[in-house]
Each structure stands twice: as structure tokens, then as C-alpha cells.
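Subject: Handing over the two-chain model

Hi,

Here is the structure I promised to pass on.

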Amino acid sequence: MLFNSVDFAIFLPLVFLLYWAGFYRKAESRSAFLWIVSYVFYGWWDWRFLLLIALSSGLDFHIAQRISRTQEEKYRRAWLWLSIGFNIGVLAFFKYANFFIDSFVSAFTLFGADLSPWSLQLILPVGISFYTFQTLSYTIDVYRNKIEVTDHWLPFFAYVSFFPQLVAGPIERAASLLPQFSTAKYFDAALIRSGLHLMLWGFFKKLVVADNCGYWVDVIFAEPATHSSLVLLLGIVLFAFQIYGDFSGYSDIAIGVARLFGFQLRRNFAYPYFSRNVAEFWRRWHISLSSWFRDYLYIPLGGSRGGRSQQIRNVLLIFLISGFWHGANWTFIIWGLIHALLFLPLILRGRNRSYLSIIAKGRLLPNISEGLAMLYTFVLVGLAWVFFRADSLDTAFIYFKYLFAFNHFGWVVGMFFPLLAIAVLLVVEWFSREEEIVFLFLTKRTWLRWGAYWAIGLAILLFSPSEPSVFIYFQF
Amino acid sequence: MKRLVSKLGLYVFILLGLNFLMAHILGVLERDVDRRAYAFDKYRWEEFYQLPEGDQLDILFLGSSHAYRGIDPSLIDSLLGIHSFNLGSSGQTPLTSYHILKNAVHHVVPKMVVVDLYFHAFMEENQLSNGGNNWLEIKSSSAKWSFLFNAFDLYEIAALTILPIIRKKNNVRYLLRRYLLGDDHLDDAGSYQQQGYVRQDGRVSLAELEAEKFYSQLQLKKNWALQKHLEGLRKLVHFCREKEIEIRCISAPMPSISYQKISDRQRVQQFLSTLTKGLGLAYRDDTQNPSLGLQDDLHFYDDNHLNHTGVQRWNKALIPFLTREQ
């Protein structure tokens with residue numbers, strides 16, 4: 001079920017009313033209710049893959065219990081590796097089998113052997129990359145004695161499948177989300193109101209900004225050689241805001257929906273395009289994934305401790321894996337590599353933690369150097385997005401070839417509208433950049449705040465596409 | 001909880017009010033309605049309702065733009081000495097055709113219905129774009145409700161009833177372009193003549209036809225014809241037989257350059273021919289008919305529509321099919 005569908009518009013109020021009518025009262029009924037509605041939400045797309053979530057949840061629930069009851073380190077480790085092996089194995093099978101088989105077939109084709117019948121036609125279960133990481137974090141944390149094992153399967157199953165963040169995150173940790181199923185809930189109007197704010201802004205980012213940019217991005221990236229340098233440049237800007245609006249919009253809606261049920265999810269985006277270097281960008285972009293890789297991969301590998309060569313190896317590894325996590329395509333791997341190369345000079349010069357607070361804090365505008373740093377970072381990140389969006393490396397190289405050809409500068413008037421939507425997004429987020437929720441800067445002016453709510457509601461009705469479009473991160 | 005729910009209710013209530021107000025304002029601001037293709041639906045229905053009730057209508061043409069831009073009822077009438085009307089509309093799907101006919105018979109019952117079958121109309125997911133304007137003009141309340149609940153999905157029903165602002169999406173983009181950028185450009189949609197026909201006199205060049213990508217990018221899925229439209233055509237045929245209205249099918253000519261770009265053209269042609277045969281319908285497929293002597297750069301104004309010269313030539317050639325005994 002898509003957040004931007006009529007089905008969800010009926011599903012959510014119904015589930016909300018049923019929940020607050022009574023299911024919220026006891027931990028068991030709360031978990032059971034949220035588990036069932038989450039499976040309905042996921043099964044709406046394809047019920048067969050519910051078995052996969054159930055299997056993954058059941059196995060990790062059982063393994064974590066074994067780990068906690070076993071004293072001997074070698075058995076604890078063996079159970080942990082069984083969990084990692086199973087989860088990564090399933091993820092690899094669905095996500096990467098085609099990539100490896102196709103690469104294998106292509107390699108043999110070079111030598112004249114035709115192995116094309118070997119290709120598999122696998123459907124990628126939606127959200128598998130997200131819930132796999134979520135359930136894995138639980139067994140790893142139990143193994144590390146960071147969290148207590150849970151003896152109740154219902155809250156654990158509800159935690160793995162919690163519908164607001166099941167298909168595209170934020171990737172939650174058991175330590176923060178799992179206990180919320182057991183803590184008493186009450187109707188917190190302030191929390192719910194903040195959830196509604198997040199949802200409204202999330203829908204604006206997805207339906208007005210991302211979907212309108214997406215139309216032109218598809219046109220431009222389909223045949224980059226036929227467009228002017230200016231259009232190709234605008235194509236990069238449009239894609240940068242399409243993916244931001246799409247993914248951060250989804251995250252905002254997910255966090256907002258969770259708040260309607262009294263749950264707090266971690267923040268996933270913190271105005272990343274206002275970053276002054278790539279390190280700051282990664283602290284503000286897809287925070288739940290970056291921090292997952294940091295905690296479960298980068299730090300266990302030694303992090304930034306040890307010699308320079310180890311630092312370089314770790315950074316390269318994290319970004320390459322991060323790229324590969326997005327999909328089995330060389331374009332994502334190159335995208336990860338570019339970010340690693342942009343990140344490495346910062347970490348080697350100890351400047352990766354230069355900007356910990358938001359730009360121009362307490363001021364209306366940034367100074368010139370901050371503004372230039374922000375622009376420079378956006379340009380670098382934008383150029384890297386070309387690899388992320390292109391269907392193949394060939395398309396990406398053609399894109400750059402014609403972008404830097406400076407051949408002609410014609411543009412298409414229709415692109416004016418998504419650019420206008422981006423401008424609105426940037427202005428609103430700039431004024432909100434010190435807060436998590438965009439409307440908080442209007443708190444004291446009630447009439448202005450309500451005016452903003454209605455304006456955004458009207459904009460969503462007027463400018464959203466007629467057919468609901470799938471969120472980009474559903475494919476990852 | 002009550003306070004929050006009442007605030008939310010107030011928000012939704014005022015939002016709905018604003019949506020009606022804004023839809024009205026956008027309607028008023030739109031001074032160029034004559035230049036828009038969708039305005040033709042209004043003119044067409046207005047003229048249709050002016051026909052005296054129970055009038056003798058020999059042929060009613062239905063179908064997509066291939067019908068209303070490709071068949072000139074006044075020409076057919078002059079050649080045959082009959083009275084015909086064209087209720088085709090942009091992207092009209094067989095499902096929409098069925099509901100249009102159901103409404104039309106409340107006013108005038110035609111002796112014969114001729115449906116133009118354009119393969120792309122069978123692929124149309126979005127009913128709002130092709131059926132919405134027709135639905136707004138439907139007068140018979142039974143036909144109107146039946147059309148609303150049997151042809152549109154929930155989103156489209158909302159757009160047609162409580163959220164009219166959704167239908168103004170394209171207008172607001174045009175108005176923004178016009179007032180903020182001073183760009184007044186609108187594609188030439190042709191000029192409404194009479195009896196539902198819209199005339200275009202322009203000619204497309206061979207270079208333009210070669211450059212068009214619509215058909216070359218079209219990927220037909222295995223089951224490309226949507227079930228709802230196949231069912232719509234079956235219902236249309238059944239309805240005609242029930243009312244003792246004769247029904248025949250045609251397919252309008254397309255430029256050969258465009259047609260050659262459709263990779264699955266033979267599958268499409270075979271599909272339509274099998275479909276009509278299965279329904280026991282007389283079918284004339286002129287999509288590519290060399291005997292018509294049509295030339296891409298003389299008789300078409302874009303990549304899939306005849307211009308007025310082409311219409312004259314094709315309509316004359318249609319006469320034997322329209323008059324032939326079943």
C-alpha cells in the first residue's frame with residue numbers, strides 16, 4: 001500500500017480510530033493489533049512475501065533467545081553468524097542474484113558461450129533492505145549485550161513489521177523502538193499534532209516537489225544526448241530535489257504516521273542540502289542508514305582508529321557497500337566510490353566533524369564563505385547523483401559529455417513549475433532549519449500557520465499527479 | 001482528543017471550501033477556453049442536447065480523437081442524405097463510450113452506432129482525463145450515477161464531486177506560465193465545427209513525424225488491453241443489441257511513419273480483428289489502407305490524426321461500409 005494512495009487514505013483513519021478506541025490500552029493488544037495491520041499493509045502489495053518477513057522475524061527472535069541463554073562465546077558467535085548469514089543470504093539472493101548471474105553470463109559471452117537461459121526473473125520484495133537491517137541490529141545488539149532479549153514474540157514481530165517504516169525506513173534500532181510496544185500509551189495531542197505536521201510537509205515534498213521533478217528527470221535522463229547543457233544542468237538539480245523530496249517526504253510521513261499511534265521514530269533527514277561539506281551532508285542524509293553502517297560496520301572494522309591505510313580502507317569499504325546496498329548496478333558502486341573520494345580528504349585532515357550545528361545558526365542568512373561552501377557541496381553531491389540516476393555507466397558518461405559540451409543553452413518552459421516548487425521548499429526549509437518540523441517557526445502567528453497549512457493542502461491537491469507514483473526507495 | 005479531532009475537522013472543512021472557491025476562480029480566469037481541446041466536449045454535448053427529443057438520428061459516432069477529428073458528420077450527411085452526430089472525445093475508452101451511449105439514448109436513440117477502435121484507448125488507466133468532462137455534461141441522472149460508480153475509481157470520483165480543484169491542474173500550470181513567465185503558448189487544438197467534428201487544416205512534415213517518439217517508446221505488455229475496457233466494449237455491444245441499435249466498428253488511418261514505429265503493430269491489428277470477430281461486429285480497419293491514397297505529409301496534421309483534407313478522403317471511402325447491409 002502506498003502512502004500516496006486512496007487505499008491508504010481509507011486505511012489510516014480506520015486503523016487510527018480502532019487503535020485509540022481500545023487496542024492501545026494493553027501491551028499485548030497493542031502489539032497484536034499493530035502486527036496484524038502492518039501485515040495487511042504489506043500484504044496489500046504481495047501477500048506471499050509476508051512469509052519472508054515472518055520467517056526472518058521468527059528466526060531472529062529465536063536466535064536472540066539462544067544467544068542470551070548461551071554463555072559460551074563460540075556458540076553465541078555461531079548463532080549470531082547464523083542470523084547474519086540467513087538475513088544477508090536472503091537479501092543477496094533477491095537483490096543481487098540477477099546482477100551476479102548477468103555479470104557471469106556477460107563474462108562467458110565474451111568467450112563465445114551463450115548462457116542467457118540461466119538468467120533468473122526475481123521480484124525484489126519491497127522493503128527487504130530495510131527490515132533486514134532492522135532485524136539484524138536486534139540480534140547483533142543482543143549478542144553485544146547492549147539490549148535485553150525480548151521474551152514476547154508479538155512485540156518483536158510488530159517491531160520488525162511496523163507499517164509506517166516497514167518499506168523504506170527510517171531503519172530503527174531495537175533499543176529505541178522495541179520497548180515502545182510495551183510502554184503504556186496515552187492520547188498525546190501534541191505528539192499527534194506534530195505527526196500531522198510532518199505528514200503534511202512530507203506529502204508536499206513527495207507529491208508537489210518530487211513527482212513534478214520526476215517527470216522531467218525521466219525525460220532528460222532517457223536521452224541526455226538530445227538536450228542542451230542548460231537542460232542537463234537543470235536535470236541534475238531536478239533529480240537532486242526529486243530524490244530528496246521523495247525519500248525525505250516518505251520518512252516524514254512515516255515518522256508522522258508513527259506519532260499518530262504514540263510512537264517516536266528516529267529522524268532520517270536534517271536539511272542535507274544546507275550542508276557545508278560532504279561529511280556534514282552524510283550526517284544529514286539518510287541518517288538511519290549512515291548510522292547503521294557506522295555502528296555495525298565502520299566501528300567494528302576499527303573506524304577512524306589505527307593507521308591511515310586502515311582509515312582509508314574503512315571509508316572506502318563503507319561507501320562502496322552503501323552504494324551496493326542501493327542496488328546491484330555499477331552506477332551505484334561508482335556513486336559510492338565518488339562519495340568515498342570526497343569524504344576521505346576530510347577525514348584524513350580531521351575536518352569531518354567541522355560542522356556539527358546547522359548553517360547560520362541564530363542568523364537569517366549565511367555569510368559568503370558558508371554560502372559558497374554550501375553551493376560547492378551541492379554541486380559535488382549533484383554531480384555524483386548523475387551516476388545514481390543513470391541506467392548505466394554509459395548513460396552517465398554521455399550525460400557528462402553533453403553537460404560539459406556547453407553546446408547550446410535552450411531550456412523547456414515546462415521545467416519552470418518544478419523549479420518553482422523547489423524554490424518554495426528551499427525557502428520554507430531554510431526558515432525551519434533549526435527545527436525538526438518545518439512549521440515551528442510560525443508557532444506564534446496562528447493565522448499565518450493555519451494559512452500555511454491550507455496553502456500546502458491546496459498545493460497538494462492542485463499539483464500532485466493523478467496516478468500515485470511509487471517512492472524511489474521502494475526499489476532498494 | 002476531541003479538541004484535536006475538531007481542529008482537524010475544521011481544517012478539512014475549510015480546505016474543501018477553499019478547493020471549491022479556487023476551482024471557481026480558476027474557471028473564471030481561464031479566458032482561453034476556446035483554445036482547449038476539452039472545451040469541445042461541452043460544445044458537443046450542448047449541440048447534442050439541442051437536437052429535438054426523439055429526433056431521427058441515423059448514425060452516432062463514438063471513440064477517441066480519431067473519431068471526432070476523423071469523421072465529419074456533415075460530410076457524411078451530405079453524401080448519404082442522413083442525419084449523424086459525433087460524440088467522440090479525447091482518449092475516449094470503450095468503457096466511456098458505453099456510458100456516453102447510455103446517456104445519449106435518453107435524448108435520442110440512434111439507428112446505428114459506429115465506434116472507432118484505437119488500440120491505445122484500451123490501455124488507458126486514467127478514466128478521469130477521458131471520461132471526466134463527458135460525465136460533467138451528462139443529464140440523465142441514472143446514466144450519470146451509473147457512469148460515476150462503474151467507470152471511475154475513488155480518486156476520480158472525489159475529483160468529480162468534492163475536489164473539483166484536481167480537475168483544474170492543467171489550467172493552473174498554464175496560468176502560472178502565462179502570468180509569471182508571459183508564456184501564452186497553447187497547442188493548436190483545432191476548431192469546433194458542428195455535430196461534434198473538430199477540424200484541423202495543418203499538415204505535419206515528414207521530419208516531424210520521424211522525430212516523434214510516442215509510438216516508438218510504446219511498450220505493450222502481455223495483456224496490454226485493460227479488462228475494464230474490454231468489458232466496456234462488451235457492454236456497449238450488448239446494450240446496442242438490447243436496444244436494437246446496429247453497431248459497427250472502424251479504425252481511423254494513421255501516418256505510415258507513425259504506424260511503422262509500433263513494434264507490436266501486427267499483434268495490435270490481430271487483437272482488434274479477433275476481438276470484433278468474437279463479438280460478431282462488422283469491422284473496417286483503415287489504420288494502414290493503401291487504397292485510400294493517403295500521404296503522411298499531405299493528409300495528417302500530427303503523428304496520429306487526419307487533417308481536414310484527409311478526413312474528406314477517408315469519409316468518402318467509408319460510405320460503402322456505412323451503407324452496406326449486414
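Here is a question to start with: what covers the buried residues of α17(A)? The cover includes α8 (189-222) of chain A together with α1 and α9 of chain B. The buried residues of α17(A) are A:Ile456, A:Gly457, A:Leu461, A:Leu462 and A:Phe463. By "buried" I mean that 20 or more other C-beta atoms lie within 10 Å of the residue's own; exposed is 12 or fewer, partly exposed is in between, and C-beta atoms are placed from the backbone.

Before going on, a word on conventions. This is a predicted model, in which local features need pLDDT of at least 70 and side-chain atom pairs count only at pLDDT 80 or more, while totals for chains, interfaces and linings use all residues. Residues are numbered from 1 along each chain as its sequence is written, and chains are lettered from A and ligands numbered from 1 in the order in which they are written. Helices (H or I, at least four residues) and strands (E, at least two) are DSSP runs, numbered from the N terminus.

Chain A

Chain A has 17 helices and 0 strands. Buried residues make up 42% of its 476 residues. Its radius of gyration is 23 Å, which agrees with the value near 23 Å for a compact globule of 476 residues (taken over C-alpha atoms; the globule rule is 2.2 Å times the number of residues to the power 0.38).

Helix α17 (residues 446-463) of chain A has 18 residues and reaches 25 Å between its first and last C-alpha, close to the 26 Å expected (1.5 Å times one less than the number of residues). Just after α5(A), A:Asn145 takes a positive phi of about 60 degrees.

Chain B

Chain B comes to 15 helices and 7 strands, and 38% of its 326 residues count as buried. Look for an open sheet of 5 strands with parallel pairing, in the order β2-β1-β3-β6-β7 (chain B). Its edge strands are β2 (84-86) and β7 (282-285) of chain B, each pairing on one side only. Strands count as paired if DSSP finds at least two bridges between them; β1 (residues 57-62) of chain B and β2(B) have 3, in the parallel sense. B:Leu60 stands opposite B:Phe85 in β2(B).

B:Trp45 sits in helix α2 (residues 39-50) of chain B. B:Trp45 counts as buried because it has 23 C-beta neighbours inside 10 Å.

Where the chains meet

The contact takes 24 residues from chain B and 17 residues from chain A (two residues are in contact if their C-beta atoms, placed from the backbone, lie within 7 Å). On the side of chain B that touches chain A, α1 (2-29), α8 (154-160) and α9 (169-181) of chain B each supply at least two residues. α1(B) gives the most, with 8 residues. That side of chain B divides into 16 nonpolar, 2 polar and 6 charged residues. Here Ala, Val, Leu, Ile, Met, Phe, Trp, Tyr, Cys and Pro count as nonpolar, Asp, Glu, Lys and Arg as charged, and the others, Gly among them, as polar.

Happy exploring!
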